[in-house]
Amino acid sequence: MRSHFNRSALVRQLAGWLPVSADVPRQDMAERLGEWLNVADAIALHSAHQTLPSVTARRAAVKNNAAAAQAELQRLRATLSQSITTPPQPPVDASDAEFAPHHQRCLDQQRRMEMGIDALRGHLRQTLAATSPRLAQLAALDATLDQMLGGREQRLLAGLPAFLKARFEHQRQTHPDTWPPLFEQDLQQALLAELDLRLQPVLGMIEALAQAPAKPH
């Protein structure tokens, strides 16, 4: 879990915005993201794995399922990416000292990501559960992990606007005449990195589906 978040583009980007003289070491962000599973969580996860029902494989078209899932992922990623990278109209004026519109934009994009990805993730669990016993186990474990970690993940991602506000102030102070496009780039990169982070469970399930052998009827 810890190495998973250490590799996150979002963690690397936010850590890179911290001043060198910051009191909190940069790696602490990854440490906090990594230390989510305690002993009780591990026991619950093991119990969920042990009590998974046996599922009879009912589909031979595993490759078709994987291709359809990959296509749906690409459509969702393209839609969300386009929404993130579409600058506000009218463009931000360099004299505008208010962060509130950017804050609201960030919250709106996070809600879009959460709704779209949650729907696709739920659909993938159903697809995996109907494909083979092994993939049904993966779907059940993903649901258990989502229940354990989803709330904590949302609370951490809810802190992104605070990082963006600090970046907003930094860019305005250090680039008083040219800060709007610089901050726009920062905001887009942070949200795109969050999108990649949120999509990781979906990518894992699609990869497992693509690698599963087809079963005869």
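Arg 167 is found in helix α8, in what is a predicted model, where local features need pLDDT of at least 70, side-chain atom pairs count only at pLDDT 80 or more, and totals for chains, interfaces and linings use all residues. Residues are numbered from 1 along each chain as its sequence is written, and side-chain values use heavy atoms, with hydrogens and water left out.

Helices here are DSSP runs of H or I with at least four residues, strands are runs of E with at least two, and both are numbered from the N terminus. The protein chain has 9 helices and 0 strands. Read from the N terminus, the elements go α-α-α-α-α-α-α-α-α.

Now the confidence. The pLDDT is the predictor's confidence in each residue, on a scale from 0 to 100. For the protein chain the mean pLDDT is 81, with 75% of residues at 70 or more. Helix α1, residues 2-6, has the lowest confidence, a mean of 48, while α6 has the highest, at 96. Over residues 21-30 the pLDDT is below 50, and that stretch has 13 contacts in the model beyond near neighbours in sequence. A contact means heavy atoms within 4.5 Å. Residues 54-59 also stay under 50 in pLDDT, and the model gives them 16 contacts beyond four places in sequence.

Some totals for the chain. Of its 217 residues, 37% count as buried. Buried means under 20% relative accessible area, exposed means over 50%, and partly exposed is in between, with a 1.4 Å probe and protein chains only. The accessible surface is about 12,300 Å², and carbon and sulfur atoms hold 55% of that. These areas come from the Shrake-Rupley method with a 1.4 Å probe; for residues, only the protein chains shown count as cover. Among contacts with a separation of 6 or more, 82% are between residues 24 or more positions apart.

Back to the residue I began with. Is Arg 167 buried or exposed? Arg 167 counts as buried, because its relative accessibility is 18%. Leaving out residues up to four places away in sequence, Arg 167 touches Trp 17, Phe 183 and Asp 186. Arg 167 and Leu 18 are 149 residues apart in sequence, yet 9.3 Å apart in space, C-alpha to C-alpha.

Two packed helices are described by the angle between their axes and the distance between the axes. Helix α2, residues 9-17, and helix α9, residues 179-211, have axes that come within 8 Å and cross at roughly 145°. The axes are lines fitted to C-alpha atoms, for helices over the stretch in contact, and the angles run from 0 to 180 degrees between N-to-C directions.

Next, the core. A nonpolar core is a set of buried Ala, Val, Leu, Ile, Met, Phe, Trp, Tyr and Cys residues joined through side-chain atoms within 4.5 Å. Which residues touch the most other members of the largest nonpolar core? They are Ile 117, Leu 160 and Leu 164, out of 38 residues. Two or more residues each come from α2, α5 (62-85), α6 (100-129), α7 (133-157), α8 (160-174) and α9. Helix α9 gives the largest share, 14 residues. Beyond four places in sequence, Ile 117 is in contact with Leu 76, Leu 80, Leu 195, Arg 198, Leu 199 and Val 202.

Leu 80 is also a partner of Gln 109, which lies in helix α6. Gln 109 is buried, with a relative accessible area of 6%.

Last, the loop between α5 and α6, where Pro 90 is found. A cis peptide bond joins Gln 89 and Pro 90, with omega about 0°. Most peptide bonds are trans. Ala 97 has its place in that loop too, and is partly exposed at 39% relative accessible area. Ala 97 touches Phe 168 and Arg 172, not counting residues up to four places away.
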